[in-house]
Amino acid sequence: MSERWFRVCPRSELKSGQAKSITILGRPYAVFDVGGELFGLDSACKHMRANLANGKIVGHTVECFMHKWRYDIKSGQCLTNEGFDTTSRPVKIVEDVVWIAVEWPENEF
Ligand code: FES
């Protein structure tokens, strides 16, 4: 697997305590703003795949809107159910645009 960067949104559209999600190859990813710091996650909840970008963000945690599983936004750790962590993703800002990196197949088509 290699890594590929994808544009998420202008930095100005992502406010503290919010998340922006994009779908890549059918999978949701999100960038969260926690007090001005950005964090990327695979945003499909490990329970039934609801998008965590639509969850309730409190500090550096997000609570899934479906059945209230909670995750640490900074690490991806599931705080309610051990062993159901999600994956952190690198984030960067280039010319005021937010980008997220995701794994990409080596043999792309
Ligand atoms: S889908 Fe997230 S807690 Fe059920």
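Which strands form an open sheet, and in what order?

Reply: This is a predicted model. The open sheet is made of three strands, in the order β5-β6-β7, and their pairing is antiparallel. β5 (56-58) and β7 are at the edges with a single partner strand each, so one side of each has no neighbour in the sheet. From one strand to the next, the twist averages 25°. In general, the strands of a sheet pair through backbone hydrogen bonds, and the pairing can be parallel or antiparallel.

Take the pairing of β6 and β7 next. Strand β6 covers residues 61-63, and three bridges join it to β7 in the antiparallel sense.

Is Thr86 buried or exposed? Its relative accessible area is 6%, and buried means under 20%, so Thr86 counts as buried. The side chain of Thr86 has a polar atom 2.7 Å from the backbone oxygen of Asp42. Leaving aside residues up to four places away in sequence, Thr86 touches Leu41, Asp42, Ala44, Lys46, Tyr71, Ser75 and Gly76.

Strand β2 (residues 19-24) and strand β3 (residues 27-34) run antiparallel and are joined by six bridges. In this pairing, Thr23 of the chain stands opposite Pro28 in β3. The two strands form a hairpin with two residues between them, and Leu25 takes a positive phi near 50° there.

Leu25 leads on to the largest pocket, as it is one of the lining residues. The volume of this pocket is about 150 Å³. Its lining consists of Met1, Ile24, Leu25, Arg27, Tyr29, Arg89, Val102, Glu103, Trp104 and Pro105. β3 and β10 (97-104) each supply at least two of the lining residues. β10 gives the most, with three residues. As a general point, empty space of this kind is found by rolling a probe the size of a water molecule over the atoms.

Key: Residues are numbered from 1 along each chain as its sequence is written. This is a predicted model: local features need pLDDT of at least 70, side-chain atom pairs count only at pLDDT 80 or more; totals for chains, interfaces and linings use all residues. Side-chain values use heavy atoms; hydrogens and water are left out. Two strands pair if DSSP finds at least two bridges between them. Helices (H or I, at least four residues) and strands (E, at least two) are DSSP runs, numbered from the N terminus. Buried means under 20% relative accessible area, exposed over 50%, partly exposed in between (1.4 Å probe, protein chains only). A polar contact is a pair of N or O atoms within 3.5 Å; within protein, one must be able to donate a hydrogen and the other to accept it, and residues adjacent in sequence count only if both atoms are side-chain atoms. Contact means heavy atoms within 4.5 Å. Axes are lines fitted to C-alpha atoms, for helices over the stretch in contact, and angles run from 0 to 180 degrees between N-to-C directions. On a 1 Å grid over the protein atoms alone, a cavity is a set of points where a 1.4 Å probe fits but cannot get out, and a pocket is an open set with protein on both sides within 12 Å along at least five of seven lines; lining residues have an atom within 4 Å of a point. Grid points are joined across faces, edges and corners, and a volume is the space filled by probe spheres set on the points.
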